[in-house]
Amino acid sequence: MNRRRFLIAACACALHLAAMGSALAGPTVRPALRRGGGPLGSATSPPIASGASGASGAGPSHAPSGQPVPGAKGSSPPLDDDLAAQQMPVADDADTSPNLDAALRDYLSKMRRFDSPHASDILLPPQRMPALRAATDRLGRLERTVGHGFFYLLGFDEAVRIARGYPAVGAFSPQELALIDELFHADASAYGFMGMKPLNSLTATIPAREVYKVPGMGNYVYQGESRATWETIRRLLGEDVVLTSGVRGIMKQFHLFLTKAATNGGNLSLASRSLAPPGYSFHGIGDFDVGQRGYGARNFTSAFTTTPVFARLEELGYITLRYPQDNMLGVRFEPWHIKVATA
């Protein structure tokens, strides 16, 4: 890390660490729980706790008013950054110079080892794990029932209605709904995620008229600037570039985030280092991800920066990273993330 980069990072880190306050170091954190404002009524839940030893391991208006058309049998979701891509090995090359402030050195180490647990990580307490696993499994069944493409656009209210109407999915339990509501309305800085929250409503929907399904990619982009940006990139780069992840509504982001947390012992901080908590993802308002055709899960690692697609995008000026290397937002390096939304 050169001196200029260090000074910029150190100043930014000081501001963000001050904003975090004692959230990461304190013994417990209880995110705000909205009560009486929807299907949760006055449901209560235990607090979310700080981990002392790390993880233990472990709807839109375009749908028919009746029941949705189930997804085609045998269909598979497009490549997305929720499974194998999240488990790719990461080199721990953070600057450990003794000249760095201890807090900054610790922060950089976390970002370089984003997929490893850390002592200050925030974990769900054991009694909340059944609800986490049940909600994650139910969202998976819901996605398979309605189809992967439709699920990308699915809103909370319609997801609850569809789940209740399909025995293969089953209704969300009060405990699952309370957890979903609590996690959405929590301040994600408690987990170490310092990014903005572009979607503040759990019941936000994505009307069909506002999105465009990209042929052959299985993903949507927003009409307007997002579509124009994607089509320009595709025209300039040709078949080598692929759209790996586009529009993601509230329920899709929940499925990704909960899956990551559930497979890591309820570690919310670990999940938030590689997946924006629901409501905080700019995929909900315009950003999208691209990759090198044939590069698979490596498109979601720093190895993407070695590809011809990345080199060409950088040359053309499309690489304005929302989450650059060693950013102070509590998010891993994302060189594949095309920043479109202006927020």
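Reader: What covers the buried residues of α7?

Author: Buried means under 20% relative accessible area, exposed over 50%, and partly exposed in between, with a 1.4 Å probe and protein chains only. Helices (H or I, at least four residues) and strands (E, at least two) are DSSP runs, numbered from the N terminus. The cover of the buried residues of α7 includes the elements β5 (220-222), β6 (241-245), β7 (288-292), α10 (308-316) and β8 (337-338). This is a predicted model, in which local features need pLDDT of at least 70 and side-chain atom pairs count only at pLDDT 80 or more, while totals for chains, interfaces and linings use all residues. Residues are numbered from 1 along each chain as its sequence is written, and side-chain values use heavy atoms, with hydrogens and water left out.

Reader: Which residues of α7 are buried, and which are exposed on the other side?

Author: S226, T229, W230, I233, R234 and L237 are the buried ones. Seen down the axis of α7, they fall within an arc of 130°, so they line one face of the helix; the arc is that of the directions from the helix axis to the C-beta atoms. On the other side of α7, E225 and R235 are exposed. Just after the helix, G238 takes a positive phi of about 70°.

Reader: How is a nonpolar core read, and which residues of the largest one touch the most other members?

Author: In soluble globular proteins, nonpolar side chains tend to be buried together. A nonpolar core is a set of buried Ala, Val, Leu, Ile, Met, Phe, Trp, Tyr and Cys residues joined through side-chain atoms within 4.5 Å. The largest here has 49 residues, of which L132, L139, L142, Y191, F254 and L258 touch the most other members. Two or more residues come from each of α3 (129-146), α4 (148-151), α5 (156-165), α6 (174-185), α8 (250-262) and α9 (268-274). With 8 residues, α8 gives the most. Apart from this core lies another, of 20 residues, among them V221, V242, V309 and W336.

Reader: At what angle do α3 and α6 pack?

Author: Two packed helices are described by the angle between their axes and the distance between the axes. For α3 and α6 the angle is about 90°, and the axes are 9 Å apart. The two helices are therefore roughly perpendicular to each other, a label that covers angles of 65 to 115 degrees. In contact, meaning heavy atoms within 4.5 Å, A131, L132, A134, A135 and R138 of α3 meet Q175, E176 and L179 of α6.

Methods:
Axes fitted to C-alpha atoms, helices over the stretch in contact; angles between N-to-C directions. Parallel < 35°, antiparallel > 145°, perpendicular 65-115°, else oblique.
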